[in-house]
Amino acid sequence: MANKNSRQWLITLLGWLVAIILFFPILWMFVTSFKTEVAAVATPPQLFFQPTLENYVAIQERASYFNYAWNSVLISLGATVLALLLAVPAAYAMAFFPTSRTKGTLIWMLSTKMLPPVGVLVPIYILARETGLLDTRIGLVIIYTLINLPIVVWMIYSFFKEVPKDILEADRMDGATTYQELVHVLLPLSLPGIASTALLSIILSWNEAFWSLNLTTYDSAPLTAFIASFSSPQGLFWAKLSAASTMAIAPILIFGWLSQRQLVRGLTFGAVK
Amino acid sequence: MTSSVATTQHSPPPSKKRSRKQIPTLALVAPSVIVLLLWMIVPLVMAIWFSLQRYNLLIPENREFVGLGNFVFILTDPALWTSIGITLILVASVLLITIGLGTLLAVLYNQDFFGRGIARVLAISPFFVMPTVSALIWKNMLMHPVNGLFAQITRGLGLGAIDWFADLPLLSIIIIVSWEWLPFALLILLTAIQSLDTDQLEAARMDGARPLALFRFVVLPHLSRAIAVVAMIETIFFLTIFAEIFVTTGGGPGLATTNLAYYIYLKALLEFDVGGASAGGLIAVVLANLVAIFLVRSVARNLDT
């Protein structure tokens, strides 16, 4: 019994140790955001200090912060809505009326994710410039939609596959049209799945950095670009950087915590249950 | 046990009743297929077209057809091969670290212990942090040679400070990317482990299997599919790591952290060499496909479609 008890202790200790080590950089950033700039770089690091909100105030005063944050919100939501509008009908058709080409189409869609962004950076950059979409929110919305579309289709497809076919059959017998069937029966049934898909799409769009860094300068730049601007030497204010970073990741972090269960199913297209 | 057989859903054969729906079905799939097709083909064709020209945005009037000149130039540039090597090292080592550690941690978090739910939420958090932020935290607050926490700790121990990005640049990037992606591997593998049939484990334990043997012969085979999925998704992302390098080392010192993505970025947006960058981009497409084809094939076979 004593042996089992000590084993239990060891597991608890290890589990928490690993959690704290992995979480530590985020925690450290969070703590630093409440320090003064002087305290933030103090040697040795201060564990006890008078917390201050001055960094958050300073970030608020830099009105541009909200410009970036607003861009992040609009672009993530826009790309997610657009991807869902394209993906739901496609996933519906493929899940309930599969043909011999369905599996091939799905795999082909996923394979477009294999196209490395750098491989097409120059053409996309030039296309965006020629069409006036460079440094616009619409430009990023279009690109994020296309980047996420394959994963969104796959996820919704795998959620639709789990809806019992009988329910739809019964409904169709009653004379429901395709539209009625989709909106009144299928969508309510698979709402949790669609919600977690939307969540993942928002997370991926919110955190995407390659295209946002390369296609935006100021007007449409989201938080990923804002934060990256702190990497220049004159931007080196750790406490303010920490405050800005905390504000940049907090919404997504909380989203992630709340949706971790559903995310797994989505992320692996239901291959891991 | 028999009940599961009785309730198994047999999907009705798709044909027959479909005639009424055939046109809507095609129309429903078409928008997604068309936009993805355009997204794939238009830039690729453009890249091929540009790659055959001398085309520098700084001297646009000097534009002319040079055939395979850009490819010859790029393929004989030692920096390209260095960057391909760095790309492969980066992908392989982070895959190894995240999947290896992820498996061990999944076993750990599969045990019941006090506060496990909270500990797990904390452990998977790095996955949700945007790459630019995590790169900045590591660069400035942890790995900074003067004020970074690591330096302060090692100096406190009398070991002196390590200038991470100057002395161990590639390792630094590997650590940062591993930190970001270990939670992802942990999350997926933990879910997979939880679906393991406990009866089977119990039976093996009754037969006298030691924990190590249980892990090797029961748990690991059960995880193989999840590991394949993790490897595939991670590879897609690792081949194109950009933000972490952009924010921390800028590809340096020298070329020490210039992966293929960053090499093309340097060509395109710093040297404005559209022709050369396009040729490099096409090489990246080929490389990604070589790596990916094999991965997708093996995973797609396992997917339930």
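## Notebook: a helical chain and its partner

I began with the secondary structure of chain A and found 13 helices and zero strands. Here helices (H or I, at least four residues) and strands (E, at least two) are DSSP runs, numbered from the N terminus. Reading from the N terminus on, I wrote the elements down as α-α-α-α-α-α-α-α-α-α-α-α-α.

A note on the ground rules: this is a predicted model, in which local features need pLDDT of at least 70 and side-chain atom pairs count only at pLDDT 80 or more, while totals for chains, interfaces and linings use all residues. Residues are numbered from 1 along each chain as its sequence is written, chains are lettered from A and ligands numbered from 1 in the order in which they are written, and side-chain values use heavy atoms, with hydrogens and water left out.

**Overall form of chain A**

I looked up the spans of the C-alpha trace of chain A along its principal axes and got about 75 × 70 × 35 Å. The radius of gyration of chain A is 23 Å, whereas a compact globule of 273 residues would have one near 19 Å. That radius is taken over C-alpha atoms, and the globule rule is 2.2 Å times the number of residues to the power 0.38. Next I checked burial: 57% of the 273 residues of chain A count as buried (under 20% relative accessible area; exposed is over 50%, partly exposed in between; 1.4 Å probe, protein chains only).

**Where chain A meets chain B**

How many residues does each chain bring to the contact? I found 106 from chain A and 101 from chain B, with contact meaning heavy atoms within 4.5 Å. The area buried between the two chains is about 9,300 Å², and carbon and sulfur atoms give 78% of that area. Buried area is the accessible area (1.4 Å probe) that two parts lose on being put together, summed over both. On the side of chain A that touches chain B, helix α1 (residues 2-32) of chain A gives the largest share, 17 residues. I also looked for salt bridges between chain A and chain B and the count was zero (a side-chain nitrogen of Lys or Arg within 4 Å of a carboxyl oxygen of Asp or Glu).

Most residues other than glycine have a negative phi. Asp135(A), though, has a positive phi near 55°. I located Asp135(A) in the loop between α6 (117-130) and α7 (137-161) of chain A. Is Asp135(A) buried or exposed? Asp135(A) counts as buried because its relative accessibility is 14%.

Phe272(B) also has a positive phi, near 55°. Phe272(B) sits in the loop between α13 (260-270) and α14 (274-300) of chain B. With a relative accessible area of 30%, Phe272(B) is partly exposed.
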